[in-house]
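Subject: Handing over a structure

Hello,

Here is the structure I promised to pass on to you. Please have a look at it first, and then read on for what turned up in it.

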Amino acid sequence: FFRDLDAELAWVHEKLQLALAKETGQSLSAVQSLQKKHQALQTEISCHDSLIHDVLEGGQNLAKGGHFNAREISKRLWELKDAVETLKEEVEKRAKVLKEAHAAQLFFSELLEAELWMEERRPQLESTDYGTHENATQALLRKLENVDLDLAGYKPRMLNLRETGTSLSSTNHPDRQMIMNRLQDVEGEYEILLLLAETLRKRLLDQYQLYHFEQEVQELATWLSSKQRLADSEDYGQDLEDV
């Protein structure tokens, strides 16, 4: 009996070391890999319950049967029970920690996607090309309208990120400070894009109005020139009808 009990204690202590691991992964894929391993551990422990139960039952029968070493048997039984209980508690804690880590890394990956999305649009909004003529400026304004639509369409995504980040932080998530810092950075970048779009729109409109004004001035100058040539003409006609 003691040999079997010692074997079970050794097995429990071995699995306990796995349950006490502190690593949580630094990426979504790493966390998912750790969760998969932990689920395998949980399954192994569940399948092993019957073996531990047999050892406990055998010891209890010996103790109840009046075995001369009943006190030692009872003591060792409690030792095994306590070890198994500790193992299961730590396994549950580990599962919870990995679940929180998964939620955080999933959120960070969504923030990264948002950052990449914004980085793709920022160069256009920071451009100093306002068009070299009226038609070119009109084309740039149309492109900006598309970006404006993209930014407006992305707002629900930003609201979802805010909701998720706030939810994770409100549950005393261990990474709540990092979560909120990253969220604020992304929200700040989004606000910058909105401001850049507004600034670029104003500059393009100013440029368009300038070209339009110059075009009107040119047309007026052309009209005045034609009238001036007519006024300067020395052709007074050959008869009354010509005049």
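A polar contact here is a pair of N or O atoms within 3.5 Å; within protein, one must be able to donate a hydrogen and the other to accept it, and residues adjacent in sequence count only if both atoms are side-chain atoms. By that rule, the side chains of E187 and R162 make a polar contact at 2.6 Å.

Some background before the rest. This is a predicted model, in which local features need pLDDT of at least 70 and side-chain atom pairs count only at pLDDT 80 or more, while totals for chains, interfaces and linings use all residues. Residues are numbered from 1 along each chain as its sequence is written, and side-chain values use heavy atoms, with hydrogens and water left out.

Back to E187, which sits in helix α5 (residues 176–232). Helices (H or I, at least four residues) and strands (E, at least two) are DSSP runs, numbered from the N terminus. With neighbours within four places in sequence set aside, E187 is in contact (heavy atoms within 4.5 Å) with M158 and R162.

Now the overall picture. The protein chain has 5 helices and 0 strands, giving the pattern α-α-α-α-α along the sequence. Its radius of gyration, taken over C-alpha atoms, is 39 Å, well over the 18 Å that the globule rule (2.2 Å times the number of residues to the power 0.38) gives for 243 residues, so the protein chain is more spread out than a compact globule. Along the principal axes, its C-alpha trace spans about 150 × 25 × 20 Å. Among contacts with a separation of 6 or more, 81% are between residues 24 or more positions apart.

As for burial, 30% of the 243 residues count as buried. Buried means under 20% relative accessible area, exposed over 50%, and partly exposed in between (1.4 Å probe, protein chains only).

Two residues illustrate this. A70, in helix α3 (residues 70–125), is buried because its relative accessible area is 19%. The C-alpha atoms of A70 and Q60, 10 residues apart along the chain, are separated by 8.8 Å. L62, in helix α2 (residues 28–64), has a relative accessible area of 31%, so L62 is partly exposed. Its C-alpha atom is separated by 25 Å from that of L87, 25 residues away along the chain.

Best wishes
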